[in-house]
Amino acid sequence: MRLLRTVDTRATNPGDAAIRTGTPRTGTPWSAGSLLAGPTGQPRLLFGRMYEDPAVELAAFPSGARVLCIASAGDTAAALAAAGHEVTALDLNPAQLAYARARLEGGAPALTGTAERLTAAGRRTAGTLLPAWRPDALERFLRLDDPAEQRRHWDSVLNGPGLRLLAGAGLRPAGALAAALRPGFRCVVPRSFDTVLLHRIARTVSRHPNAANDWAWRLLLGRERPGAATVLDTGGNAVRLVFGEVVEHLERSAADSYDAVTLSNVLDGPGPAFARRLRAAVEHAVRPGGTAVLRSLREPGPAGPGQAAEDRSMIWGSVRVVRIGTAGGSTR
């Protein structure tokens, strides 16, 4: 099947062209440009912010690396560029790519995407029914900076039977979230995602101070942390934004074009054939000894969770750092 052609949006507007001509799209569920079930229509803004902690990449990548990342909302690309990496940011969703460009190049403020609307609906429900989950109470929790105290508060105040009941109704395979998602994304949600997500939140608050955790403020309260930057900062370094599908881009790239790649959710949804193709494409485009950071919402496989606990964004089941070109790949 002919996939979306990878082109640089500085020269054309390929997203519009693809929509007009009905260009065949890749089998990944991200190609629809929509998370929610129902008519697809034009691609939409799915993520107003990114829920991945670039500290993982900043620790794993060599200085001045040629890096490929997913554009999404631009947060990770900005952090890598500000650290001096040569960044290419790719996205299959033209609405998401245009949004990332506006933030990276124009200093545009963050907007609300579909993911933020879904999490806001969950917070409103919890806040209506559970006093401990009302915004003023949550803000007091998020201002804590002692992980031990945070964990005690989580266990004794926030993670009670009411929360677990609501989480089960919303996040189980037959729950509200699965009903709202497009079919291709339903398999992305881990079984027992309610208990899985609450465990991941507990894991994070027991390791990282809330008061300095931007992702905890966004996920639990839907607000930016006081004092957090409101616009992206690339340190004056440009990010090359490219419209396209990640596997095709890697396959079309010259061998050893990159020193590192970071991919989140890419394998959450597509089947084993896509995974094999992605692995071959990464091994082609990333030089031997290079690095790949792979995040997944799914529960960890035999390779374990990797550095999921170090990622302050709370949500990931595994964050694997893989060395390319070694026998079978080495991971951390």
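This is a short exchange about how terms apply to a predicted model.

Reader: Why is Arg277 called partly exposed?
Author: Arg277 has a relative accessible area of 32%. Buried means under 20% and exposed means over 50%. The value 32% falls in between, so Arg277 is partly exposed.

Reader: Where does Arg277 lie?
Author: Arg277 is in helix α14, which spans residues 272-285.

Reader: What makes the pair Arg277 and Glu251 a polar contact?
Author: Their side chains come to 2.7 Å. The cut-off for a pair of N or O atoms is within 3.5 Å. The value 2.7 Å meets that cut-off, so the pair counts as a polar contact.

Reader: How far apart are Arg277 and Glu248?
Author: In sequence, 29 residues separate them. In space, the C-alpha to C-alpha distance is 9.5 Å.

Reader: How do you know that strands β3 and β4 pair?
Author: Five bridges join β3 (residues 86-91) to β4. Pairing needs at least two bridges. Five meets that, so the strands pair. They run parallel, and Val87 stands opposite Val239 in β4.

Reader: Why is strand β4 called mostly covered?
Author: Strand β4 covers residues 239-243, and four of its five residues are buried. Each of those four is under 20% relative accessible area, because that is what buried means.

Reader: Which residues have the most contacts inside the largest nonpolar core?
Author: Trp133 and Trp154 do, in a core of 62 residues. Helix α11 (residues 193-205) gives the most to this core, with seven residues. A second, separate core has 19 residues, including Leu250 and Ala281.

Technical notes: Residues numbered from 1 in each chain as written. Predicted model: local features only at pLDDT ≥ 70, side-chain atom pairs only at ≥ 80, totals over all residues. Heavy atoms only, no water. Helix = DSSP H or I, 4+ residues; strand = E, 2+ residues; numbered from the N terminus. Buried < 20%, exposed > 50% of the residue type's maximum accessible area, 1.4 Å probe, protein only. Polar contact = N/O pair within 3.5 Å; in protein donor to acceptor, adjacent residues only side chain to side chain. Core = buried A, V, L, I, M, F, W, Y, C linked by side-chain atoms within 4.5 Å.
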